[in-house]
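Subject: Handover of a structure model

Dear colleague,

Please find below the sequence and the structure that I am handing over to you. My notes on what was found follow directly after it.

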Amino acid sequence: MGEVTKRAAQAVEAAGTGESGGGDPGDRHEEISRKLREGLLKTFFGGFSWAAAARGLTSIGTALRYVVFVRLLRPFDFGVIASATMVMAALLAGTDPRMGHALIQQEDRIDPYLDTLFTTYLVRALILAMIPVLFARQLGGFFQLGNAQTVFLAMAPLPIIRSLQSPRFISLYRHLDFHYVTILNVSEVGASLVLGLIGVLYWRDWRGLVFSMLVGAAVQTILTYWLFPHRPRLAFSKTHAKTMLSFGLWMSFGSLCEFIAKQLDNLTVGHLLGPGALGNYQMAFRAGEMPVVEFTTSASLVTFPMVARMRKDRGARVRLYWAVIGMVIVVGFAYAAFIFAFGDRVVLRLFGPAWVHALNPLKVLCIYGILQGILMIGRSFLSGLGKPKRYLIPAAIRAAGLAIVIYPLTATHGPTGAAVAGVISLLLALPVMAYLLRQVD
């Protein structure tokens, strides 16, 4: 990071740990706000450069993994994995209390909360792992998987592996030390590509993809203890849990609505059209939204803690917001123009003729990616301002809008109709998000 970013990060951490040497808390917050305001864009780009590097390298690795794996496997195999990951993601989104996010914007020291955080997520993961095992046959029938229904058993260890990460990992967001994200993401993608390729070559079906996901998650979990040493204990404090839940649950409700809005199209395509069509749609979805979403996710990682320390400086927040939104739009339209001009040749050369049906939804999903990026930035600002419950409104509108239009559009226009339904849902939510941001003092 640059020197300005380091100083801002030190100021943020001093406020978070109470190590600033005394004085009035209001004066400390004013000092933090001043430092962030003086180097606003430098601070943003300092953290963003590392977060973007992490997401960018992850995207490159993920894209490379897709290019390699799609040459070896069928759309059916990717549809099988998409079905299993959708179910697992639904369980995780529906039960995630977002307790760690509460610690990012908290002013107290976080050490007393870490064991409660670790224990809560481990117990949750153990419970969730049993659900796809118990209902594998019913889920397989819903997604028309046949004998591949065993994918739900194979995916069961994934939430457990991820829950074992060092709980001190959350401190990187408080310090704005996003270079650690680069190390973790690159390690996960690298392991899942190299070792996953061995699995794909051995099994020659969806089992290799499951192995790739599990080994990547395991490598990342191990590295969190190297980068953020902590010896977790199985302990639970009602007081600490209540403090974290008072903030995190509102984010959880909003995330659940957002998950429904993101996955209802996959669910409908998989149920109506089968795993082959779902595999094509999933590839188009990832390729369509990837550049903008990767950029926006990196930006959100930085803006959330920055905005949390600039609550009293509306002018600086507004400048930061429009600067980031402008970058999202530029990146999104540049990528959309490329896909509209050269998308057919890219799909055929990189993925092969078996994936040609992904082209039309891919073009629509480029527009979807831009709109979703704008919504994600709004969410990070509301959360940083301590207003996560306000995001529940546009998230619910988005989910409700998609629920109304997804089935008829998918039934009549296939995967392209599902993509159009996603765009419509975002167009309904964005004006509401704009209104809510204007109402924040």
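Phe381 counts as buried, because its relative accessibility is 4%; buried means under 20% relative accessible area, exposed over 50%, and partly exposed in between, with a 1.4 Å probe and protein chains only. The model is a predicted one, in which local features need pLDDT of at least 70 and side-chain atom pairs count only at pLDDT 80 or more, while totals for chains, interfaces and linings use all residues. Residues are numbered from 1 along each chain as its sequence is written, and side-chain values use heavy atoms, with hydrogens and water left out.

Overall composition

The chain has 16 helices and zero strands. Both are DSSP runs numbered from the N terminus, helices being H or I with at least four residues and strands E with at least two. Of the 441 residues in the chain, 56% are buried. Among the contacts in the chain with a separation of 6 or more, 84% are between residues 24 or more positions apart; contact means heavy atoms within 4.5 Å.

Packing of H14 and H15

Two packed helices are described by the angle between their axes and the distance between the axes. Helix H14 (residues 314-350) packs against helix H15 (residues 359-384) at an angle of about 170°, and the axes are 9 Å apart. Axes are lines fitted to C-alpha atoms, for helices over the stretch in contact, and angles run from 0 to 180 degrees between N-to-C directions. H14 and H15 are therefore roughly antiparallel to each other. The contact of H14 with H15 comprises 19 nonpolar, four polar and three charged residues. As for the terms, angles under 35 degrees count as roughly parallel, over 145 as roughly antiparallel, 65 to 115 as roughly perpendicular and the rest as oblique. Nonpolar covers Ala, Val, Leu, Ile, Met, Phe, Trp, Tyr, Cys and Pro, charged covers Asp, Glu, Lys and Arg, and the others, Gly among them, are polar.

Aromatic pairs

Rings of Phe, Tyr and Trp (its six-membered ring) pair if their centres lie within 6.5 Å; planes under 30 degrees apart count as stacked, over 60 as edge-to-face and the rest as tilted. By this rule there are nine aromatic pairs. One of them joins Tyr281 and Phe285 in a tilted arrangement, 6.1 Å centre to centre and with 50° between the planes. Tyr281 and Phe285 are four residues apart in helix H13 (residues 238-308), so about one helical turn separates them. Tyr281 is buried at 0% relative accessibility, and Phe285 is also buried, at 7%.

The pair of Tyr321 and Phe381 is edge-to-face, because the ring centres are 5.3 Å apart and the planes stand at 85°. This pair links distant parts of the chain, with Tyr321 in helix H14 and Phe381 in helix H15, 60 residues apart. Tyr321 is buried at 14% relative accessibility.

Salt bridges

A salt bridge is a side-chain nitrogen of Lys or Arg within 4 Å of a carboxyl oxygen of Asp or Glu. The whole structure contains five salt bridges. One of them joins Asp77 and Arg74, at 3.2 Å from N to O. Asp77 is buried at 0% relative accessibility, whereas Arg74 is partly exposed at 47%.

Another salt bridge connects Asp111 with Arg168, at 3.1 Å from N to O. It links distant parts of the chain, 57 residues apart: Asp111 is in the loop between helix H5 (99-104) and helix H6 (114-134), and Arg168 is in the loop between helix H9 (157-163) and helix H10 (171-175). Asp111 is partly exposed at 32% relative accessibility, as is Arg168 at 22%.

Arg162 and Glu188 also form a salt bridge, with the closest N and O atoms 2.8 Å apart. Since Arg162 lies in helix H9 and Glu188 in helix H11 (residues 179-203), the pair ties together parts that are 26 residues apart in sequence. Arg162 is partly exposed at 34% relative accessibility, while Glu188 is buried at 17%.

Surroundings of Leu209

Leu209 lies in helix H12 (residues 206-227) and is buried, with a relative accessible area of 7%. Neighbours within four places in sequence aside, Leu209 is in contact with Phe69, Leu73, Asp77, Phe78, Ile81 and Val200. Asp77, in this list, is also the salt-bridge partner of Arg74. The C-alpha atoms of Leu209 and Leu197 are 8.4 Å apart, and the two residues are separated by 12 residues along the chain.

With kind regards
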